[in-house]
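Hi there,

Here is the structure I promised to pass on.

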Amino acid sequence: MYVDEIRAYTPQNEQEAADQRLILEYIRLFPDNILTRDNEIAHLSSSGFVVNADGTRVLMAHHNIYRVWAWTGGHADGEGDLLSVALREAREETGVEHIRPLSPAIASLDILPVWGHVKRGKWVPSHQHLNVSYLLVADESDALQIREGENSRVGWLPAERLLEYTNEWQMDGVYAKLLARARELLRNA
């Protein structure tokens with residue numbers, strides 16, 4: 001159960017501890033729609049930070065809405081298995097079929113602001129993504145494919161220069177900590 005997994009996560013810093021506390025409070029306050037976009041204030045989302053086998057490259061998509069290179073992920077849309085959501089979104093957004101968890105455990109908890117925007121011709125008001133992140137690994141030899149309507153490019157970016165590509169200051173810390181955690185898991189594998 002996603003609530004138990006979030007509750008059992010051991011925060012790695014003050015930000016994650018605060019976000020974990022608030023995510024659990026949102027779940028308590030909105031038990032009926034926290035997994036769906038029906039909750040226009042905040043809802044659960046799940047992201048996959050996808051690395052190659054040696055952690056030297058990161059698989060990213062150039063997203064249409066914000067026009068930046070970013071990780072893969074999406075809305076839970078009623079699905080309580082957030083690892084499955086992260087895997088599905090990574091596969092759909094990149095075309096890569098052979099993506100697997102580097103670890104089945106939650107890698108990070110982050111509350112991420114989503115600014116108001118138009119999606120499929122409809123205004124989506126600003127809200128919060130209560131994001132659960134997972135570390136994933138993929139084979140670089142798999143073919144990449146864009147997901148029309150969602151992204152314009154997909155590519156393996158050099159890990160050492162990742163933040164030069166992503167160009168999204170509010171995500172720098174999230175990407176940096178996930179890259180460090182992925183590399184640690186790969187070293188200890």
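Lys177 is buried, with a relative accessible area of 13%; buried here means under 20% relative accessible area, exposed over 50%, and partly exposed in between, using a 1.4 Å probe and protein chains only. Before going further, please note that this is a predicted model, in which local features need pLDDT of at least 70 and side-chain atom pairs count only at pLDDT 80 or more, while totals for chains, interfaces and linings use all residues. Residues are numbered from 1 along each chain as its sequence is written, and side-chain values use heavy atoms, with hydrogens and water left out.

Lys177 forms a salt bridge with Asp110, with 2.8 Å between the closest N and O atoms. A salt bridge is a side-chain nitrogen of Lys or Arg within 4 Å of a carboxyl oxygen of Asp or Glu. Since Asp110 lies in strand S6 and Lys177 in helix H5, the pair ties together parts that are 67 residues apart in sequence. Helices (H or I, at least four residues) and strands (E, at least two) are DSSP runs, numbered from the N terminus. Asp110 is buried as well.

Glu16 also forms a salt bridge with Lys177, and here the closest N and O atoms are 2.8 Å apart. This pair links distant parts of the chain, with Glu16 in helix H2 and Lys177 in helix H5, 161 residues apart. Glu16 is buried, at a relative accessible area of 0%.

Helix H5 itself covers residues 172-188 and has 17 residues. Its first and last C-alpha atoms are 24 Å apart, close to the 24 Å expected at 1.5 Å a residue (the expected span is 1.5 Å times one less than the number of residues). Buried residues in H5 include Val174, Tyr175, Leu178 and Arg181.

**Other charged pairs**

The whole structure holds 13 salt bridges. One of them joins the side chains of Arg161 and Glu164, at 3.2 Å from N to O. Arg161 is partly exposed at 39% relative accessibility, and Glu164 is exposed at 58%. Elsewhere, salt bridges that share partners join Arg88, Glu89, Glu92, Arg147 and Glu150 into one network.

Glu89 is found in helix H3 and is buried, at 9% relative accessibility. Leaving aside neighbours within four places in sequence, Glu89 is in contact (heavy atoms within 4.5 Å) with Thr72, Gly73, Gly74, Arg147 and Glu150. Glu150 sits in the loop between S9 and S10 and counts as buried at 18% relative accessibility. Not counting residues up to four places away in sequence, Glu150 touches His62, His63, Asn64, Glu89 and Glu93.

**The nonpolar side**

The largest nonpolar core has 32 residues, of which Tyr2, Ile6 and Leu44 touch the most other members. Such a core is a set of buried Ala, Val, Leu, Ile, Met, Phe, Trp, Tyr and Cys residues joined through side-chain atoms within 4.5 Å. Among the elements giving two or more residues to this core are helix H1 (2-8), strand S1 (42-51) and strand S10 (151-158). Beyond its neighbours within four places in sequence, Tyr2 is in contact with Ile27, Ile34, Leu35, Leu44, Gly80 and Leu82. A second, separate core of 22 residues includes Val51, Ala70, Ala107 and Val137.

Best wishes
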